[in-house]
Amino acid sequence: MSNIVVFGGDSHPDLVHKICDNLDIKPSEVHLGKFSNGETSISINESVREKDVYVIQSGCGQVNDAFMQLLILISACKSASASRVTAVMPYFCYSRQPDIPYTAKGAPVIHRPQQDGNGTKLTTRRPGADSSFKSLNSAIRSTINLENPQPDRGIAPPDLTSSKSLSRIPMIPGSKLQNSHTNGDAEDLFNAQNAGYKLWVVQAGTLIANLLTEAGADHVITMDLHDRQYPGFFDIPVDNLYCKPLAQNYIQHNIPNYQDAVIVSPDAGGAKRATAIADALELSFALIHKERRSQLLKGPPDATLTSGGTLPVSDRPLVSQPTNSVIRLSSSSSSISSITSTESRFVQTTMLVGDVRNKVCIVVDDLVDTSYTICRAARLLKEQGATKVYALITHGLFSGDALERISSSEIDQLIVSNTVPQQETVKHLGSDRVDIIDVSRVFGESIRRIHNGESISMLFEHGY
């Protein structure tokens, strides 16, 4: 292949060499370093004038340093008169971020001003402990004499403008209240915990797209974006390759009696991804759906936990003292619910839709970071009679203590691609429990086809 130059960042050098081996070329020489003050230092030791340049950098490890390194490499190649510069990002960083920031325990991080002796400062706190929310009906009732339902015109209405409002701060499910509430306060509790305003945090999609474009990128190649609409942020072509063909090939050749297996999605968001594999292999499909909702969502304030439903009516009130209990409820259908109540006002429901008894389950997900979701899914599948649980992951980030959590989980076999370095995963879990899917051939073939002006549609369905 002539007039092609491949540079690699330091986030995943092994994948860079494998891609170049599939292209039958050598990685171009580039010096990556840092100045004494921490700034990125890059020097390119090869001419790129009028050449087709591909910069390979996965968004893992020190993400911000890796992304800045990618931007500088692209800009340097573009300034050196490269004819085209393509950013190859096996895992695209900043493509998966929640709507609001969360702490390690799952609670939103809230910043609100506090007054002190030196002025106003921002602190992080848990709202709801001293919430002064009152519903509109409660505010109206407070100004009306219930015995004579006429407004007391001798008393001025409350000064709503002078009251301190907390309505711009989202309520955290499970937060402790200073004062215990009775059933009579149920409506106020419901309105407080279901406030209409939710904290809004700006997404970085447009910014990341603009940074890559302004640095000089003409094309982007990535794999299994968490949000399929993410390419809409770009004004340049974005090729989102799929790991699905590789996953299907692994299932067919490495899982015994896969025809009787069940493809499982650990959450509702990945249902489409899992059903695509299940339909292609003609396998059964199951879905794990979880939600955390207030017990006060339906019914009058004196309603009980299951009043109005198909289950036997419980005498347990909706609003009571906080308890730590686990209740499992099974319906007549194939769905199974496990309800965990850490606070009496909220119920966390996990439902398994599908039959997994005496079946091999293959949990499919595109990205695993903290591994809470996939470990919880594996435990639920084993409780419902699954004989073996495989976890098939595209991007295994495994941040924090995720590997320790997986090691002690019900996952029997972990299958993960090498879009992110997995040396620590194999070292921690053992080579007998971890299988690595190599994606270098797919990326190498996509680079070859794009360089030669060929279509890459075949890679979306059949891989390579």
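Start by selecting helix α6 (residues 244-254) together with helix α7 (residues 271-281): their axes come within 10 Å and cross at roughly 50 degrees. Angles of 65 to 115 degrees would count as roughly perpendicular and those under 35 as roughly parallel, and α6 and α7 are therefore oblique to each other. Their crossing is right-handed. Keep in mind as you look around that this is a predicted model.

Now show the side chains where the two helices touch. On α6, pick Lys244, Ala247, Gln248, Ile251 and Gln252; on α7, pick Ala276, Ile277, Ala280 and Leu281. What kinds of residues make up the contact of α6 with α7? Six are nonpolar, two are polar and one is charged.

Next, select strand β1 (residues 4-8). Five of its five residues are buried, so β1 is largely enclosed by the rest of the structure. In a regular strand, side chains alternate between the two faces of the sheet.

β1 and β4 run parallel and are joined by five bridges. Look for Phe7, and you will find Val55 of β4 standing opposite.

For the last stop, go to Thr222 in strand β8 (residues 219-223). Is Thr222 buried or exposed? With a relative accessible area of 0%, Thr222 is buried. Leaving aside neighbours within four places in sequence, Thr222 has contacts that include Met89, Pro90, Phe92, Asp239 and Phe443.

Technical notes. Residues numbered from 1 in each chain as written. Predicted model: local features only at pLDDT ≥ 70, side-chain atom pairs only at ≥ 80, totals over all residues. Heavy atoms only, no water. Axes fitted to C-alpha atoms, helices over the stretch in contact; angles between N-to-C directions. Helix = DSSP H or I, 4+ residues; strand = E, 2+ residues; numbered from the N terminus. Parallel < 35°, antiparallel > 145°, perpendicular 65-115°, else oblique. Left-handed = near helix turned anticlockwise from the far one by under 90°. Contact = heavy atoms within 4.5 Å. Nonpolar A, V, L, I, M, F, W, Y, C, P; charged D, E, K, R; others polar. Buried < 20%, exposed > 50% of the residue type's maximum accessible area, 1.4 Å probe, protein only. Pairing = 2+ DSSP bridges.
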